Amino acid sequence: MKTTVLTFQKMKRQGEKISMLTCYDYTTARLMDGTVDGILVGDSYGNTMLGYDSTLPVTMDHLIAATQGVVRGCKESLVVFDMPFMSYQVSVEQALENAGRALKETGCQAVKLEGGASVCPQIAALSHAGIPVVAHIGLTPQSVNALGGNRVQGKTGEAAERLIEDARKVEAAGAFAVVLECIPAPVAERISREVNIPTIGIGAGVGCDGQILVYQDMLGMNEDFKPKFVKRYAELAEEMRSAFREYTADVKGGRFPEASHQFEMSSEEELKKLY
């Protein structure tokens, strides 16, 4: 059964935790589909797939192509399109145009916008237009320069109150869920109690209604990146490297391909024509 925005809301009401991961391609989406409730085609695509040191260079075209593949691989999980930097901040009209393009060209079910009160006009307009919106507060990677780096947000009482107010405002504007990134667990727990929409945490503690991670992080594919909030469920980097080495050794040693991997002529008569 296809997970929808209503599914997320029902899970919140019933106290059922929501699981989400990022994904950026068809093959991985097929493996992930149905094992998690939601998939975010994140602008972390810039870091994980393109090798950038931030999400800022990612474009609509990048994420539309990636999301098209993810949607084709998904029959069950909800797919969310992560609106890239400067695709919605300029104006409500810009947000409507780009979010509409995301839904029309990819078949995703929702979009995600970073920011609290500052993007509430965009959230309200998109929701009014029938485009489901996930909000995103706390550490917002698209604002990395303004924040002075990837820092935990809401560590003081005043800063925590601002986050709580942002959560209330994005809910009032029409967001159906909100990502809470890198904020103290007690702050995230209070937000989760005080808003009626699901909270999806990343580095925000167990009190959130759900959790999301970048899938390469939780699979140990990026050995140099070990943030505190990530639990590794596999160590695929060395397994993949080992497989690549074994393949190369087999090729160089003449052990691959074997007879079972080859194709033969249609008959002995046809084979004789080669000689």
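Student: Why is Tyr215 called buried?

Tutor: Tyr215 has 9% relative accessibility, and buried means under 20% relative accessible area, with exposed over 50% and partly exposed in between (1.4 Å probe, protein chains only). Tyr215 therefore counts as buried. A word on the source: this is a predicted model, where local features need pLDDT of at least 70, side-chain atom pairs count only at pLDDT 80 or more, and totals for chains, interfaces and linings use all residues. Residues are numbered from 1 along each chain as its sequence is written, and side-chain values use heavy atoms, leaving out hydrogens and water.

Student: Why is Tyr24 called buried?

Tutor: The relative accessible area of Tyr24 is 3%, so Tyr24 is buried.

Student: And what makes Phe8 and Phe176 an edge-to-face pair?

Tutor: Rings of Phe, Tyr and Trp (its six-membered ring) pair if their centres lie within 6.5 Å; planes under 30 degrees apart count as stacked, over 60 as edge-to-face and the rest as tilted. By this rule there are four aromatic pairs. One of them joins Phe8 and Phe176, with 6.2 Å centre to centre and 65 degrees between the planes, hence edge-to-face. Phe8 sits in helix H1 (residues 5-14) and Phe176 in the loop between helix H8 (157-173) and strand E6 (177-181), 168 residues apart. Helices (H or I, at least four residues) and strands (E, at least two) are DSSP runs, numbered from the N terminus. Both Phe8 and Phe176 are buried.

Student: What makes the pair of Tyr24 and Tyr215 tilted?

Tutor: Tyr24 and Tyr215 are 6.1 Å apart centre to centre, and the 35 degrees between their planes makes the pair tilted. Tyr24 lies in the loop between strand E1 (18-22) and helix H2 (26-32) and Tyr215 in helix H10 (residues 215-218), so the pair ties together parts 191 residues apart in sequence. Ring pairs also link Tyr24, Tyr45 and Tyr215 into a cluster.

Student: Why are H5 and H6 called oblique to each other?

Tutor: Helix H5 (residues 92-106) and helix H6 (residues 120-128) pack at about 45 degrees, with axes 9 Å apart. Angles under 35 degrees count as roughly parallel, over 145 as roughly antiparallel, 65 to 115 as roughly perpendicular and the rest as oblique. H5 and H6 are therefore oblique. Axes are lines fitted to C-alpha atoms, for helices over the stretch in contact, and angles run from 0 to 180 degrees between N-to-C directions.
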